[in-house]
Amino acid sequence: MTQINTVAVIGLGSIALRHRRNLKQTYTSATVLAMSASGRIPEQEVACADYIVSDIQSLIAAKPFMVIVASPSTLHAEHSIPLLEAGIPVLIEKPICATSSDALALTKAAERYNTALSVGYCLRYLSSAVEMKLLLDTKCIGTLYNVQADVGQFLPEWRADTEYKNSVSASAALGGGALLELSHELDYIQWLVGELKLNYGQVRNSSELDLEVEELADLVLTNKAGCVCYVHLDFLQKQPHRHCHFIGSQGRLNWDLLNNNIILHSANGTQTLYSEPEWDKNQMYLAMVDDFVRQITGQSHRCVTLKEAVTTVQLIEQIKQQAERGSKQ
């Protein structure tokens, strides 16, 4: 294992806590620094942190091996660019930024200073996702015609300790809304079938949540081969739901991301190709950080590339500009 003396996490939310806890468990002798998104020094103890710092310059002075940026997406560029300039590798929680202009600024900084940067689309490290990538790459179902992705979860139940209207997910200023918060679907579909072009989009809000950001998004997209992809994202489903179906010339693959299984339907019947429902999903985050360490140290890796991350943000920006605005229901 690579010798790591100091690491840092920016942000004090639930995902930042997960990263600090994982870093403490993985690199037991390393010092873990924490910084709030605003730079404030919290009055209460910050779990799994050895020291609290108040600004980026203090982080840089500590010379961490890497920094995980888990602040609101509208602050990602502000927090990450000085670290890249200082030669400190940065793993940014998804999405890379809230706007394509910020994403491009980050890209230029990473390229100019030749500093490692990746984006935390952890679902690529789900064990069934790795299997799905292999199945599609080997044309398990022949020519791919359609993809149907559907994800939803009731926003008030996302974070038990936070009033949902005060959450990052509900705030336009902090990069909230279904498109950015649930951008995993746009990332993994492009990872699996290639870059997507927008054909149609509709975004809507409900009278149930009464948010300033979009609560539902319905999209029709195509890849370069003409495969049509339907994507539905929402903050409303009372039971968490995350499925993706792939329809090809030789069958259909049903992928249940929450139950971590893949079922093949073909002329030969129905067959479960993969099923690990008890698989510990924290392994996604551990594998993602380990992969980033491999990137930093020049080893073979499969981290999300800058181009991929920027493409996703550009697609979301295009959807926001061109999508129809559905009526509130």
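Two strands are said to pair if DSSP finds at least two bridges between them. Helices (H or I, at least four residues) and strands (E, at least two) are DSSP runs, numbered from the N terminus. In strand E6, the bridge partner of Val90 is Leu117. The structure is a predicted model, in which local features need pLDDT of at least 70 and side-chain atom pairs count only at pLDDT 80 or more, while totals for chains, interfaces and linings use all residues. Residues are numbered from 1 along each chain as its sequence is written, and side-chain values use heavy atoms, with hydrogens and water left out.

The strands E3-E2-E1-E4-E5-E6, in that order, form an open sheet of 6 strands with parallel pairing. Its edge strands are E3 (51-52) and E6, each of which pairs on one side only. E1 and E2 run parallel and are joined by 5 bridges; Val7 has Val32 in E2 as its bridge partner. Strand E4 (residues 66-69) is joined to E5 by 3 bridges, and these two strands also run parallel. Here Val69 has Ile92 in E5 as its bridge partner. Between E4 and E5 the chain passes through helix H3 (residues 76-85), and this β-α-β crossover is right-handed. A crossover is given this name if, with the strands pointing away from the viewer, the path from the first strand over the helix to the second runs clockwise. E5 pairs with strand E6 (residues 117-120) over 4 bridges in the parallel sense. The path from E5 to E6 leads through helix H4 (residues 100-113), and this β-α-β crossover is right-handed as well.

In a regular strand the side chains alternate between the two faces of the sheet. In strand E5 (residues 90-93), Val90 and Ile92 point one way and Leu91 and Glu93 the other way, and all are buried. Buried means under 20% relative accessible area, exposed over 50%, and partly exposed in between (1.4 Å probe, protein chains only).

Helix H1 (residues 14-26) has 13 residues, which at 1.5 Å a residue should span 18 Å; its end C-alpha atoms are 18 Å apart, which agrees. The expected span is 1.5 Å times one less than the number of residues. The buried residues of H1 are Ala16, His19, Arg20, Asn22 and Leu23. These residues lie on the same side of H1 because they cover an arc of only 165° around the axis. The arc is that of the directions from the helix axis to the C-beta atoms. Ser14 and Gln25, on the other side of H1, are exposed. The cover over the buried residues of H1 includes strands E1 (6-10), E2 (31-35), E4 and E5 and helix H8 (282-296).

Helix H7 (residues 184-193) is largely enclosed by the rest of the structure, because 10 of its 10 residues are buried. Among them are His184, Tyr188 and Trp191. After H7 comes Gly194, with a positive phi near 105°.

Most residues other than glycine have a negative phi, and most peptide bonds are trans. The peptide bond from Lys94 to Pro95 is cis, with omega near -15°, and Pro95 lies in the loop between E5 and H4. Asn114, in the loop between H4 and E6, has a positive phi near 55°. The relative accessible area of Asn114 is 71%, and the residue is exposed. Asn260 also is not a glycine and has a positive phi of about 60°. Asn260 is placed in the loop between strands E12 (251-256) and E13 (261-266), and counts as buried at 0% relative accessibility.

Ala110 in helix H4 is buried, with a relative accessible area of 4%. Contact means heavy atoms within 4.5 Å. Apart from neighbours within four places in sequence, Ala110 is in contact with Leu84, Thr115, Leu117 and Leu306. Glu214 is 104 residues from Ala110 along the chain, and the C-alpha atoms of the two are separated by 31 Å.

Gln202 belongs to strand E8 (residues 197-204). Its side chain makes a polar contact of 3.2 Å with that of Tyr200 and one of 3.3 Å with that of Arg204. A polar contact is a pair of N or O atoms within 3.5 Å; within protein, one must be able to donate a hydrogen and the other to accept it, and residues adjacent in sequence count only if both atoms are side-chain atoms. Leaving aside neighbours within four places in sequence, the contacts of Gln202 include Leu216, Asp218 and Glu324.
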